[in-house]
Amino acid sequence: MNELEWGVLEMWDKAFRVTCDFASDNGKKVDYEISIPEIGAEAILGDIDLPACRMKVVNGENPMIPGTDDLLLGDIASLVVYIQGGTHFDIFVSNCYAHDGMEMGFLEMLDEDGCPSHNKIIGNQQHSKDLVPGDTLVYAYFKSFKFPDVENVFFDCQCTICMENCFQPQCGSRSKRDVVQVASSNAEQGLAERRAFQSIKVKIPTEFNLTRRSYVNKTEEVDNEKANNVCVSKTSFAFGITFIVAIVIVCVAAFLFYKQYRTPNKAYEEHMHVKN
């Protein structure tokens, strides 16, 4: 077939049918077993140095100043719980209470959720990592109080240390269920729980202290009044006096000149009147 590319058959061409028969159509499964040894894991244990929770009581509303050992009854103070040098740690403060040290007086200040137990005594806690570089502060303002017959007041708070960030309470803005979830989340992710303690003396104001308070208040009022007054330098004061004196001299000179000018004219008018 020379005209194969044409796709036709001629008379001298022959056609063949070729088939192939196999003895079996079943496939053969080939298996090869290989074993991979297990890689053993070695546990490496290490200790993390957790920062210590500390507490201080500050006279006033500045949590960065040093703590005080005594207050007067009714003073506004700050209860501060903090950690130092723990940039990768955070704290959650809860279960704070005050007592008299003799198991006779007890007052809950912050509950297990970190919220105030008595808003009349203490406010919501505030959290900051920016006030002091490297330190974390949790603080709340309170009005100083004391227990009967004793001067010492002891404060005790639970401090939960977390890695990076703890969930902080948002008291009054969320439901009780959400607040409980925050507390339980801190309990789960907390690395450790510590107790922070501090004690101060709270004294009843005497007549001397009341007088001193009154004097301080009056001094502050005087200082504020002085600050509101306008201060004038000696040069400006002298210039102002000179300017006022110059104006007075000019006015007097103008008045005398006017009076001298009017006197001849008046005499001339009287002379002409008599002549007529």
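Is the disulfide of Cys115 and Cys171 left-handed or right-handed? The torsion about its S-S bond is about -95 degrees, so this disulfide is left-handed. The notes below concern a predicted model.

1. **Cys115 and Cys171.** The two sulfur atoms of this disulfide are 1.9 Å apart. Cys115 has a relative accessible area of 10%, and buried means under 20%, so Cys115 counts as buried.

2. **The set of disulfides.** Searching the whole structure gives 4 disulfides. If the bonded cysteines of the protein chain are numbered in sequence order, the pairing reads 1-5, 2-4, 3-8, 6-7.

3. **Cys53 and Cys159.** This is another of the disulfides, with its sulfur atoms 2.0 Å apart. Cys53 lies in the segment before strand 1 (54-59) and Cys159 lies in strand 8 (residues 152-163), so the bond ties together parts that are 106 residues apart in sequence. The S-S torsion is about -50 degrees, so this link is left-handed. Both ends can be checked for burial: Cys53 is buried at 14% relative accessible area, and Cys159 is buried at 0%.

4. **Cys162 and Cys166.** Here the sulfur atoms are 2.1 Å apart. The angle about the S-S bond is 110 degrees, and the link is right-handed. Cys162 and Cys166 are both buried. A separate cysteine, Cys251, is partly exposed, with a relative accessibility of 48%.

5. **The salt bridge.** How many salt bridges does the structure hold? The count is 1. The partners are Asp156 and Arg195, whose closest N and O atoms are 2.7 Å apart. This pair also links distant parts of the chain: Asp156 is in strand 8 and Arg195 is in strand 9 (residues 190-203), 39 residues apart. Asp156 is buried, at 6% relative accessibility. Arg195 is partly exposed, with a relative accessible area of 33%.

6. **Ser94.** This residue is part of strand 4 (residues 89-99). Is Ser94 buried or exposed? Its relative accessibility is 1%, so Ser94 counts as buried. Setting aside neighbours within four places in sequence, Ser94 is in contact with Leu110, Asp111, Glu112, Gly114, Cys157 and Gln158.

7. **Asn95.** The phi angle of Asn95 is positive, about 50 degrees, although Asn95 is not a glycine. Asn95 is placed in strand 4. With a relative accessibility of 25%, Asn95 is partly exposed.

8. **Glu164.** A positive phi also occurs at Glu164, where the value is near 65 degrees in a residue other than glycine. Glu164 is located in the loop between strand 8 and helix 1. At 38% relative accessibility, Glu164 counts as partly exposed.

Note on methods. Residues numbered from 1 in each chain as written. Predicted model: local features only at pLDDT ≥ 70, side-chain atom pairs only at ≥ 80, totals over all residues. Heavy atoms only, no water. Helix = DSSP H or I, 4+ residues; strand = E, 2+ residues; numbered from the N terminus. Buried < 20%, exposed > 50% of the residue type's maximum accessible area, 1.4 Å probe, protein only. Contact = heavy atoms within 4.5 Å. Disulfide = S-S within 2.5 Å. Salt bridge = Lys/Arg side-chain N within 4 Å of Asp/Glu carboxyl O.
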